[in-house]
Amino acid sequence: MLKKILLFLLILFLAPLLFGFLFISFSPQFGGNPSPEQLLEFEKLDHYSDGKFHNLQATEMGMDLAKAIKLLPEFFKNDPARKPDFDIPIVKIDSLELLNSSSTRLFWFGHSAFLLQIDGKNILLDPMFGEVPSPHPWLGNPRFFKELPIEIEELPVIDMILFSHDHYDHLDYGSVKKLAGKTKQFVVPLGVGAHLEAWGIEKARITELDWWEDFKVQEISLIFTPSRHFSGRGLNNRFSTLWGSWVIIGEEEKLFFSGDGGYGPHFQEIGNRFGPFDFAMLECGQYNENWKEIHMMPEETALAALDLKAKEFMPIHWGAFSLAMHSWTDPVERVLAKSQELGLKIRVPKIGSMIEIKEESQPELYPWWINPDLVDLSDFQERKASIF
C-alpha cells in the first residue's frame with residue numbers, strides 16, 4: 001500500500017512536468033529560432049554579442065527570480081480595478097468602409113494593434129487579435145471585450161504587416177495563421193522571421209530589418225528604429241530576436257509606432273532624424289516601478305511625444321489586457337494629466353473608431369473608459385481634446 005501511495009505521489013508530481021516539457025517542445029505557439037547562418041551575421045552587429053541582442057543603453061530588467069516570486073501574490077491578486085466593470089463601448093467597423101480610402105487613417109483594436117490605411121496601402125501594426133496574450137489560454141488574462149471591431153475574415157487584403165517584437169501580446173500565432181492567406185508581405189525585426197517560417201509563411205514574403213534600416217514600397221518608407229526592451233517567447237531564447245519601433249513615411253504624413261520599451265534618449269534621436277511626426281502611437285500601459293526601464297510610465301509617454309516632435313499622439317498598449325498591477329484606467333488618466341501640463345495634443349479614441357490623421361475638428365473629451373452608471377460625467381464637458 002505504501003509503495004502504491006508513493007507511486008501515485010510520484011506520478012502526481014511528474015505529470016505536470018511531463019506535460020510542460022511536451023507543450024514547450026511541440027506547441028507551435030513558441031515559433032522558431034534564427035538559423036546558424038543568421039546567428040553568424042548577427043555577430044557582426046555592435047548590438048549583438050554572446051548570442052544575444054542588447055539595448056543601446058544599459059537597461060536593468062528589474063525582475064530577478066527572487067523579486068518575481070515576491071511579486072507573484074500581488075500579480076495574481078483578484079483586483080477588480082484591473083479590468084472594466086462595464087461593457088466597453090466598441091465601435092464596429094463596416095468592411096465596406098475600409099475600401100477605397102483616399103485619406104490616411106487608423107483603426108485601433110485595443111492594446112497595440114492597428115490597421116493603418118496610407119497612400120492606398122493597408123498596413124497592420126502588431127495585429128494581436130487573439131483572446132489571451134500567452135502560449136496557452138490558462139496562462140494569461142483574457143481580453144476585456146469578446147468581439148473585435150471587425151473579424152479577421154472581413155478585413156481587406158493586407159499589403160504589409162509590421163511587428164515590433166515577438167512577445168505574445170504583439171506577435172500572436174493564431175492571428176498570423178488567419179492573416180497569412182490575405183497578407184502580401186511581413187516586415188519584421190531581425191530573427192522574427194524564424195517564427196513566421198515555422199508557422200508556414202514563405203521566406204520570400206518576409207523582410208527582416210536591423211535598427212535604422214529601411215524598406216520602401218512605392219512611395220511609403222518604413223524605417224525600423226530602436227526601442228529599449230527585450231524579446232523571447234520560450235524559456236531559453238530571451239534576447240534572441242531584435243525589438244524596436246517603426247517610422248512610417250508616406251507621401252504627405254509621417255507616423256511613429258513605438259512598440260514596447262522604456263524611456264530613453266533614442267526618442268530624441270528618432271525625432272531629430274525623422275520628426276516632426278504628424279501622429280505618434282506611444283506605449284502607455286503594463287508598467288511598474290520594478291520594470292520601468294523596459295516599459296514607460298505614463299508621464300514618460302508624454303515626454304517621448306515631446307522628444308519625437310509629435311504634433312499629436314495617442315497612448316497605446318492599454319485598453320485590452322491586464323498585464324501589470326495598475327488599474328486598467330491608470331494609464332489614460334495619468335498621461336492625460338501630463339499631456340495637459342505640457343500642452344500636448346492627444347487623442348484617446350474609442351476602440352474601433354476611425355482616426356483621421358489630419359482631422360481638424362476638436363471633439364469634446366468623452367471619457368469612454370469610465371463607467372457612466374457610476375460617475376457623473378458632466379465635469380468633462382468643458383475639457384476639449386481631439387478625442388473620438
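Is Glu202 buried, partly exposed or exposed, and what is its relative accessibility? Glu202 counts as partly exposed at 44% relative accessibility, where buried means under 20% relative accessible area, exposed over 50% and partly exposed in between (1.4 Å probe, protein chains only). This is a predicted model, in which local features need pLDDT of at least 70 and side-chain atom pairs count only at pLDDT 80 or more, while totals for chains, interfaces and linings use all residues. Residues are numbered from 1 along each chain as its sequence is written, and side-chain values use heavy atoms, with hydrogens and water left out.

**Overall make-up**
- The chain has eight helices and 15 strands, taken as DSSP runs (helices H or I, at least four residues; strands E, at least two) and numbered from the N terminus.
- Of the 388 residues in the chain, 55% are buried.

**Salt bridges**
- A search of the whole structure finds 13 salt bridges, each being a side-chain nitrogen of Lys or Arg within 4 Å of a carboxyl oxygen of Asp or Glu.
- Glu202 pairs with Arg205 in a salt bridge at 2.7 Å, N to O, and Arg205 counts as buried at 19% relative accessibility.
- Glu300 and Lys292 form a salt bridge at 4.0 Å, N to O; Glu300 is buried at 16% relative accessibility, whereas Lys292 is partly exposed at 31%.
- Arg334 and Glu299 form a salt bridge whose closest N and O atoms are 2.8 Å apart, and this pair links distant parts of the chain, with Arg334 in helix α8 (residues 330-342) and Glu299 in helix α7 (residues 298-307), 35 residues apart.
- Glu299, Asp330 and Arg334 are linked in a network of salt bridges.
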